[in-house]
Amino acid sequence: MTPPVAQFAEPAPSGPRTACRVAAIETTIVDCPTTRRHKLSNTEISFQSYVLVRVILADGSTGWGEASTLGGPRWAEESVEAIKANIDTYLAPALEGANALDFELNALTMAKAATRNTAARAAVDAALHDAAGQSLGLPVATLLGGAVRDRIEVLWALASGDAEQEIEEARAKLAAREHRRFKIKLGFHAPADDMARLAKIVNAIGPQATEIVVDVNQGWSEATAIRYLPRLAEMGVALIEQPLRPGLIEATARVARRSQIPIMVDEAAFTGPEIMANGVAAAGSVYSLKLVKSGGLQEIRRAAAIAEACGMELYGGCLIESGIGAAAHLAAFSTLPRLEWGCEHFGPKILKTDLTRGEIRFADYAVHLPQGPGLGITVDEEALARAARKG
Ligand code: MN
């Protein structure tokens with residue numbers, strides 16, 4: 001009697017699937033000093049804290065992922081301490097016996113094991129992709145559908161809050177041909193003082209800079225935003241990021257309607273439905289993509305598709321990741337059909353010591369996609385040991 005046809009073949013005793021069985025998932029908290037203080041509307045940092053995830057496969061291949069935070073659980077709910085605890089206690093055990101090649105299944109398993117926790121899930125997900133790529137000898141970008149670009153124009157953030165220092169910093173970046181687009185953080189001084197600081201910077205670097213973006217990090221009310229829209233337009237600002245608090249969709253939509261400058265949605269939208277709600281309400285016409293928001297590499301590509309379907313343009317956002325997290329973002333960004341606003345993965349350059357060995361190149365105003373299997377980076381284990389949190 002012939003057996004039924006719709007049977008799955010027994011897994012082969014050797015081959016890529018056997019090689020890619022997950023053998024171990026390890027986490028480390030690191031604290032990396034930055035070259036200068038970095039201010040946001042509600043926080044200020046002089047070092048960056050990450051959780052690094054190392055995945056080891058049955059064939060010995062190793063993959064890395066990184067969860068970034070900004071000054072504790074302030075930019076979002078997750079802190080490095082919570083991320084490490086939730087990976088060690090919930091995500092890693094849920095993936096016991098998993099296969100790194102089952103990208104979507106592993107993402108689902110993690111989503112069931114931990115609600116939200118998108119930074120934690122994204123870090124493990126990136127490490128699984130890197131490890132699988134290392135084992136197969138293929139770049140993560142290839143696993144995600146293939147790169148359509150090998151470099152992305154990259155902006156630099158000015159966020160010390162001191163106009164003179166910021167002008168000097170911007171001039172150095174322009175002279176080195178590293179950056180010609182700048183993001184200026186607003187919302188931590190009184191709005192009038194922020195405007196005066198912005199005007200100074202724009203006057204000094206405006207002619208050389210091709211684009212000035214402002215990021216308010218939720219620091220304004222609708223009234224303040226409306227009051228300053230004409231000034232921002234006069235100064236030639238190209239993009240206004242997250243002026244109001246998340247959840248104020250209608251108010252932000254009213255600001256957007258009155259603004260000549262496009263509004264970018266960042267903290268207001270993590271999930272697909274949140275992106276959709278902001279896009280449909282026209283509370284922004286640009287979306288900032290981040291792994292800490294989307295929770296994984298497959299999911300960030302879906303986030304891009306949802307934003308695009310709402311008519312939004314795309315921007316490659318960062319949370320000041322090291323070279324490890326930057327490489328994961330670049331792998332995903334390189335595969336997107338459209339990325340109108342380039343990216344901001346300057347993180348490796350603002351750390352006193354990056355955690356990779358310089359595979360991510362910054363030249364001619366662009367960040368260049370690292371080449372080679374997996375994420376294309378080598379982790380500097382000595383730098384990692386120095387930055388690892390003790391006790
Ligand atoms: Mn932002």
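Helix axes here are lines fitted to C-alpha atoms over the stretch in contact, and their angles run from 0 to 180 degrees between N-to-C directions. Keep that in mind for the helix pair on this tour. The model is predicted.

**Stop 1: two helices side by side**

Select helix H8, residues 222-234, and helix H9, residues 249-258. Their axes come within 10 Å and cross at roughly 5 degrees. Angles under 35 degrees count as roughly parallel, so H8 is roughly parallel to H9.

Now show the side chains. From H8, pick Glu 222, Ala 225, Ile 226 and Leu 229. They meet Ala 251, Arg 254, Val 255 and Arg 258 of H9.

Which residues of H9 are buried? Colour Ala 251, Thr 252, Ala 253, Val 255 and Ala 256 to see them. The buried residues of H9 pack against H8 and also against E9.

**Stop 2: the manganese ion**

Select the manganese ion, then its protein donors: Asp 215 (OD), Glu 241 (OE) and Asp 266 (OD). These donors lie 2.1 to 2.5 Å from the ion. Along the sequence, the donor residues follow the spacing D-x25-E-x24-D.

Trace where two of them sit. Asp 215 belongs to strand E7 (residues 211-215), while Asp 266 is in the loop between strand E9 (263-265) and helix H10 (272-280). The pair therefore ties together parts that are 51 residues apart in sequence.

Are these two aspartates buried or exposed? Asp 215 is buried, with a relative accessible area of 0%. Asp 266 is buried too, at 0% relative accessibility.

**Stop 3: the two domains**

Domain 1 covers 6-137 + 383-387, and domain 2 covers 143-377. Their C-alpha centres are 24 Å apart. The contact between them takes 42 residues from domain 1 and 50 residues from domain 2.

**Stop 4: the nonpolar cores**

Go to the largest nonpolar core, which has 76 residues. Select Leu 198 and Ile 205; these two touch the most other members. Helix H4 gives the most to this core, with eight residues. Both domain 1 and domain 2 supply at least three residues each.

Centre the view on Ile 205. What does Ile 205 contact, beyond its neighbours within four places in sequence? Look for Leu 158, Ile 167, Ala 170, Arg 171, Leu 174, Phe 182 and Ile 212.

**Stop 5: Ala 126**

Stay with Ala 126. This alanine lies in helix H4, residues 118-136. Ala 126 is buried, with a relative accessible area of 2%.

Set aside its neighbours within four places in sequence, and Ala 126 is in contact with Trp 64, Gly 65, Leu 297 and Ala 328.

**Stop 6**

Most residues other than glycine have a negative phi. Two residues here are worth a click.

Arg 177 has a positive phi of about 55 degrees and is not a glycine. Find Arg 177 in the loop between helix H6 (163-175) and strand E6 (181-185). Arg 177 is partly exposed, with a relative accessible area of 43%.

Finish at Ile 320, where phi is positive and near 55 degrees. Ile 320 lies in the loop between strand E11 (313-316) and helix H13 (323-333). At 3% relative accessibility, Ile 320 is buried.

Methods. Residues numbered from 1 in each chain as written. Predicted model: local features only at pLDDT ≥ 70, side-chain atom pairs only at ≥ 80, totals over all residues. Heavy atoms only, no water. Donors = N, O, S within 2.8 Å, 3.2 Å for Na, K, Ca; no water. Helix = DSSP H or I, 4+ residues; strand = E, 2+ residues; numbered from the N terminus. Buried < 20%, exposed > 50% of the residue type's maximum accessible area, 1.4 Å probe, protein only. Contact = heavy atoms within 4.5 Å. Core = buried A, V, L, I, M, F, W, Y, C linked by side-chain atoms within 4.5 Å. Domains from an automatic or database assignment. Parallel < 35°, antiparallel > 145°, perpendicular 65-115°, else oblique.
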